[in-house]
Amino acid sequence: SSMSSNNDSRGSSSKVAAESFFRSVLGQMETVYLNRNPTPKSVLELVRSVDDEQLCYDHLAFRTFGIGGYGIDSLASFFLDYGYTPMDELKFPAKKLRALWFAPPDVSAVPGGSGVNGPLPRVFISELLVDQMSSQTQDVIRKYTEASPNGKKYAALSSALGTLTWEKPLSSEFEQLARESEYAAWTLVNGYALNHVTISVHRLKSHLNKIKKLNQFLEEKGIKLNSEGGVLKVSPDGGLQQSSTVADSISFKFSDGVTKSIPCSYIEFAERLVLPQYQNVPESEIRESHRRDGFEVGNADKIFESTFQEQLSRRTG
Ligand code: OOG
Ligand code: NI
């Protein structure tokens with residue numbers, strides 16, 4: 001029995017150490033993201049200027065190439081190793097994409113922790129169905145992924161460093177992909193970089209905890225929101241409501257020496273309503289588990305377009 005109690009204490013202390021490593025990696029991914037994307041940074045500052053209590057992330061999202069081990073699994077392994085559970089698959093046949101989301105392990109927030117130190121976020125990872133692309137596009141994607149076959153083992157490291165695991169492409173290759181799939185072009189130049197973080201709207205403490213109020217507040221501050229299919233995306237059951245900014249652009253130097261402005265990342269907002277069966281639970285007892293979980297194909301399909309040229313070139317208002 002003394003053996004087993006020893007094992008217990010070793011088990012729990014190593015779990016805490018692993019959790020702090022895991023949170024540091026997320027924090028580094030977030031740092032790369034905030035350094036590259038001024039809009040998400042100012043949105044977080046604007047929200048905190050009104051609501052200075054704990055700010056929670058609903059989810060983090062990443063994009064991948066579904067080919068030769070470079071797809072969803074390449075990044076998922078990191079989250080699975082730290083206790084995440086694979087949940088549902090979402091399909092986007094028109095965009096030639098699929099996605100999988102992962103539920104976080106049941107660990108509590110760092111006391112008083114916000115963002116990556118708050119309750120652990122869900123994770124949404126998508127992949128391009130590369131074998132459905134034209135042969136020219138497949139050739140470009142194969143050229144870069146096959147030339148760095150070990151890169152897929154370091155997806156999380158690549159995301160935390162903000163460095164591609166493959167060489168920078170030619171500007172003509174970026175254009176080739178962009179003509180066929182803006183998602184493919186984005187992934188070629190951004191790789192495993194964090195695509196977005198999502199603010200958990202219902203867990204805010206101020207009046208901004210209603211997504212319509214938050215959208216209005218941000219638009220008044222001059223923040224451009226993705227208008228595809230309407231600014232507010234609502235699931236058919238009404239329980240999942242989402243909106244997002246339009247991605248920032250960043251200057252990127254291609255391997256042929258050409259410098260171009262390319263789409264980078266955006267920030268999203270999600271409000272999850274209390275499920276019908278918990279309507280009578282007193283507000284102070286409502287937990288995240290009482291609310292609409294998961295994702296919604298119809299919402300996600302529009303949110304993908306936050307990095308698309310049509311949204312980027314739209315004028316505000
Ligand atoms: C992901 C878009 C979908 C959601 O929450 O449904 C999404 C992406 O742009 O890669 O984030
Ligand atoms: Ni999202």
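The model is a predicted one, where local features need pLDDT of at least 70 and side-chain atom pairs count only at pLDDT 80 or more, while totals for chains, interfaces and linings use all residues. Residues are numbered from 1 along each chain as its sequence is written, chains are lettered from A and ligands numbered from 1 in the order in which they are written, and side-chain values use heavy atoms, with hydrogens and water left out.

Back to the strands. β7 and β10, the latter covering residues 266-272, are antiparallel and share 5 bridges. Strands here are DSSP runs of E with at least two residues, helices are runs of H or I with at least four, and both are numbered from the N terminus. Two strands pair if DSSP finds at least two bridges between them.

β7 also runs antiparallel to strand β6, residues 233-234, with 2 bridges joining them. One of the partners is Val234, which is bridged to Gln241 in β7. The hairpin of β6 and β7 has 5 residues between the strands, and Gly238 there takes a positive phi near 80 degrees.

How many residues of β7 are buried? The count is 5 of the 5, residues 240-244, so the strand is largely enclosed by the rest of the structure. Buried means under 20% relative accessible area, exposed means over 50%, and partly exposed is in between, with a 1.4 Å probe and protein chains only. In a regular strand, side chains alternate between the two faces of the sheet. In β7, Leu240, Gln242 and Ser244 are buried on one side, and Gln241 and Ser243 on the other.

Now the rings. The whole structure holds 19 aromatic pairs. Rings of Phe, Tyr and Trp (its six-membered ring) pair if their centres lie within 6.5 Å; planes under 30 degrees apart count as stacked, over 60 as edge-to-face and the rest as tilted. Phe21 and Tyr82 have ring centres 6.0 Å apart and planes at 45 degrees, so this pair is tilted. Phe21 lies in helix α1 and Tyr82 in the loop between α3 and β2, so the pair ties together parts 61 residues apart in sequence. Phe21 is partly exposed, at 44% relative accessible area, and Tyr82 is partly exposed too, at 26%.

Phe124 and Phe295 are also tilted, because their planes are at 55 degrees, with centres 5.0 Å apart. Both of these residues, Phe124 and Phe295, are buried.
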